[in-house]
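Good morning, colleagues. Please look at the chain on the screen while I go through a few of its residues, its sheet and its core.

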Amino acid sequence: MPILSDFVVIQGDVNRRVGDGAILWEKNFPTGGHNGQYGILMLMIKGLTVAQKDVDVKINNKSVGKIFRYEGANANHWFTQIINIGPNILKNNGTNELQIEAVDYVGGGSDHFDDFYLRDVVCFFSQST
């Protein structure tokens, strides 16, 4: 049986901040016809340069990987990251929830998180005919 693939744009080219004042970013997305196999989450990120740890990424409350920080990089540069989504995490004909949470850094005053920005978040997934 041939295997097809599809994709869904979860977040387009509008920047979404995660950090102080926005400590959790959640977004729902469909994966109709998904066959239970692997998927790929691709995203652009900037500003994650002073965090104490990498960012945990969850889909449907299951950890699927990390967004890796760029210690010492220019906070205004965009970087592409790809996360492999294991089998049986994405729903076949339903709504999935992507969850990305802010991470701490050693700051001062009321600034507790390393603010970073996301855009162009896309999920690629396989389908059966």
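Asn60 counts as buried, because its relative accessibility is 16% and the term buried means under 20% relative accessible area, with exposed over 50% and partly exposed in between, for a 1.4 Å probe and protein chains only. Asn60 sits in the loop between E5 and E6; here helices (H or I, at least four residues) and strands (E, at least two) are DSSP runs, numbered from the N terminus. Although Asn60 is not a glycine, its phi is positive, at about 55°. Asp120 also has a positive phi, of about 50°, and is likewise not a glycine. Asp120 belongs to strand E9 and counts as partly exposed, at 29% relative accessibility.

Before I continue, a word on the basis of these values. This is a predicted model, in which local features need pLDDT of at least 70 and side-chain atom pairs count only at pLDDT 80 or more, while totals for chains, interfaces and linings use all residues. Residues are numbered from 1 along each chain as its sequence is written, and side-chain values use heavy atoms, with hydrogens and water left out. The pLDDT is the predictor's confidence in each residue, from 0 to 100. The chain averages 90, and 94% of the residues score at least 70. Confidence is lowest in E1, at a mean of 90, and highest in E7, at 97.

Let me turn to the sheet. In which order do the four strands of the open sheet stand? The order is E3-E8-E5-E6, with antiparallel pairing; two strands pair if DSSP finds at least two bridges between them. E3 and E6 are the edge strands, each pairing on one side only. On average, neighbouring strands of this sheet are turned by 25° against each other, direction ignored; the axes are lines fitted to C-alpha atoms, for helices over the stretch in contact, and angles run from 0 to 180 degrees between N-to-C directions. E3 and E8 are joined by seven bridges, and Lys27 stands opposite Leu98 in E8.

Strand E8 also holds Gln99, which is buried at a relative accessible area of 9%. The side chain of Gln99 makes a polar contact with that of Asn61, at 2.8 Å. A polar contact is a pair of N or O atoms within 3.5 Å; within protein, one must be able to donate a hydrogen and the other to accept it, and residues adjacent in sequence count only if both atoms are side-chain atoms. Residues up to four places away in sequence aside, Gln99 touches Trp25, Asp56 and Val57, among others, where contact means heavy atoms within 4.5 Å.

Finally, the core. A nonpolar core is a set of buried Ala, Val, Leu, Ile, Met, Phe, Trp, Tyr and Cys residues joined through side-chain atoms within 4.5 Å. The largest one has 29 residues, and those with the most contacts inside it include Ile10, Leu41, Leu98 and Cys123. Among the elements giving two or more residues to this core are E1 (3-11), E4 (34-46) and E8 (95-101); E9 gives the most, with five residues. Which residues does Leu41 touch, not counting those up to four places away in sequence? They include Ile10, Val57, Leu98 and Cys123.
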